Amino acid sequence: MSDEVYSREESRILKVGFGVALALIVLTLAVTLTRKKVSSADNGKFYDVNARFNRTDGLLVGDWVRMAGMDIGRVVDAQLDDHYKAILTLEIKDNIKIPDDSSASIVSSGIAGTKYIEIEPGGSEDYIAPNGEFSYTQDAMVIEELVDRIIGIGKANRKSANKNCLKENNKKEIINE
């Protein structure tokens with residue numbers, strides 16, 4: 001009988017597994033610490049703006065607020081109002097003025113990426129005041145709903161194509177008779 005608990009292959013797999021787990025833990029810690037860091041390039045002054053959404057699926061306090069792909073702030077608070085809508089408080093860099101007809105949308109950085117708020121600036125010459133609120137918002141799109149819509153469109157297109165194919169076949173049969 002051997003005193004060996006694991007074979008060489010099992011030991012190697014176990015070591016690789018521990019290495020991968022350790023790497024994931026370190027990566028998670030690095031991402032968490034980086035997300036909480038405030039850019040040293042800004043002056044540290046911010047103002048708050050509120051945005052009201054029906055659903056915020058996957059958006060968290062601490063996530064980015066972006067405009068034209070640039071980080072301009074963070075989500076700093078989330079509350080429910082009396083009508084069960086989410087009120088997000090966005091902390092915006094003081095030097096960024098947002099036109100009052102701008103919209104705020106919850107978007108994702110890829111299919112399985114993190115969510116953030118994208119601000120589409122409007123054309124107004126008036127700006128949202130500190131502690132003001134966006135007039136226009138667009139809720140988060142749930143990936144399952146999007147996949148269901150795509151599948152539905154595909155099924156409808158297939159059904160339409162099959163009908164057209166049957167019509168063509170019927171025409172050919174009538175002509176051949």
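Here are some notes on the salt bridges in this predicted model.

1. The overall tally first: the model has five salt bridges. The points below take up some of them, including the pair E9 and R12 and a network built around R52, D81 and E133.

2. Start with E9 and R12, whose closest N and O atoms sit 2.8 Å apart in a salt bridge. Both belong to helix 1 (residues 8-36), and because they are three residues apart there, about one helical turn separates them. As for solvent, E9 has 43% relative accessibility and so counts as partly exposed. R12 comes out at 47%, which also makes it partly exposed.

3. Next, have a look at D81 and R52, which form a salt bridge with an N to O distance of 2.6 Å. This one ties together distant parts of the chain, 29 residues apart: D81 is in the loop between strand 3 (70-80) and strand 4 (86-93), while R52 is in strand 1 (residues 46-53). D81 is buried, because its relative accessibility is 13% and the cut-off for buried is under 20%. R52 is partly exposed, at 28% relative accessible area.

4. R52 also has a salt bridge with E133, at 3.1 Å from N to O. Here again distant parts of the chain are linked: strand 1 holds R52, strand 7 (residues 132-133) holds E133, and the two residues are 81 apart. E133 has a relative accessible area of 34%, so it counts as partly exposed.

Methods: Residues numbered from 1 in each chain as written. Predicted model: local features only at pLDDT ≥ 70, side-chain atom pairs only at ≥ 80, totals over all residues. Heavy atoms only, no water. Salt bridge = Lys/Arg side-chain N within 4 Å of Asp/Glu carboxyl O. Helix = DSSP H or I, 4+ residues; strand = E, 2+ residues; numbered from the N terminus. Buried < 20%, exposed > 50% of the residue type's maximum accessible area, 1.4 Å probe, protein only.
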